[in-house]
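The sequence and the structure are shown first.

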Amino acid sequence: MKSPVVKRSVVVGGHKTSVSLEHLFWSSLKDISKQRGMTLAGVISEIDANRQQGNLSSAVRLFVLDHYKVRAADHSR
């Protein structure tokens, strides 16, 4: 069975690193990047700069979750 996790290389802070995320998180992150008019690497760099702890993949998942939680809250008002 193929793993649902996709590993991609990105440049963060001038350094190449890999991020492992499920396909749905990659897709969501691309949508968020487009909405913000930013590159995928740019959004990931911001996430990296603002994370408090944990690994980058976890920080990206939490960022995506928070993005959609805020949108859901805005739509319920």
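Is R36 buried, partly exposed or exposed? R36 has a relative accessible area of 41%, which lies between the limits of 20% and 50%, so R36 is partly exposed. The model discussed here is predicted.

**Helices α1 and α2**

R36 belongs to the group of α1 residues that meet α2; W26, L29, K30 and S33 are the others from α1. On the side of α2, the residues involved are L40, V43, I44, E46 and I47. Sorted by class, this contact comprises 6 nonpolar, 1 polar and 3 charged residues.

Two packed helices are described by the angle between their axes and the distance between the axes. Helix α1 covers residues 23-36, and helix α2 covers residues 40-50. Their axes come within 9 Å and cross at roughly 100°. This angle falls in the range of 65 to 115 degrees, and α1 and α2 are therefore roughly perpendicular to each other.

**Salt bridges**

The structure holds 3 salt bridges.

| Pair | N to O distance | Relative accessible area |
|---|---|---|
| R61 and E22 | 2.9 Å | R61 23%, E22 24% |
| E46 and R36 | 3.6 Å | E46 37%, R36 41% |
| R51 and D48 | 2.9 Å | R51 31%, D48 25% |

The salt bridge between E46 and R36 joins two residues that also take part in the contact of α1 with α2. E46 counts as partly exposed at 37%. In the salt bridge of R61 with E22, the closest N and O atoms are 2.9 Å apart. R61 lies in helix α3 and E22 in strand β2, so this pair ties together parts that are 39 residues apart in sequence. R61 is partly exposed at 23% relative accessibility, and E22 is likewise partly exposed at 24%. The side chains of R51 and D48 meet in a salt bridge as well, with 2.9 Å from N to O. R51 is partly exposed, with a relative accessible area of 31%, and D48 is partly exposed, with 25%.

Strand β2, which holds E22, spans residues 15-22 and runs antiparallel to strand β1, residues 5-12. The two strands are joined by 8 bridges. V10 has T17 in β2 as its bridge partner. The hairpin has 2 residues between the strands, and G13 takes a positive phi near 60° there.

Which residues does S28 contact beyond its neighbours within four places in sequence? They are V64 and Y68. S28 is found in helix α1 and has a relative accessible area of 11%, which is under 20%, so S28 is buried.

S57 is found in helix α3, residues 56-75. Its relative accessibility of 13% is also under the limit of 20%, and S57 therefore counts as buried. Not counting residues up to four places away in sequence, S57 touches V19, S20 and L21. S57 and G37 are 20 residues apart along the chain, and their C-alpha atoms are separated by 22 Å.

Note on methods: Residues are numbered from 1 along each chain as its sequence is written. This is a predicted model: local features need pLDDT of at least 70, side-chain atom pairs count only at pLDDT 80 or more; totals for chains, interfaces and linings use all residues. Side-chain values use heavy atoms; hydrogens and water are left out. Helices (H or I, at least four residues) and strands (E, at least two) are DSSP runs, numbered from the N terminus. Buried means under 20% relative accessible area, exposed over 50%, partly exposed in between (1.4 Å probe, protein chains only). Contact means heavy atoms within 4.5 Å. Axes are lines fitted to C-alpha atoms, for helices over the stretch in contact, and angles run from 0 to 180 degrees between N-to-C directions. Angles under 35 degrees count as roughly parallel, over 145 as roughly antiparallel, 65 to 115 as roughly perpendicular and the rest as oblique. Ala, Val, Leu, Ile, Met, Phe, Trp, Tyr, Cys and Pro count as nonpolar, Asp, Glu, Lys and Arg as charged, and the others, Gly among them, as polar. Two strands pair if DSSP finds at least two bridges between them. A salt bridge is a side-chain nitrogen of Lys or Arg within 4 Å of a carboxyl oxygen of Asp or Glu.
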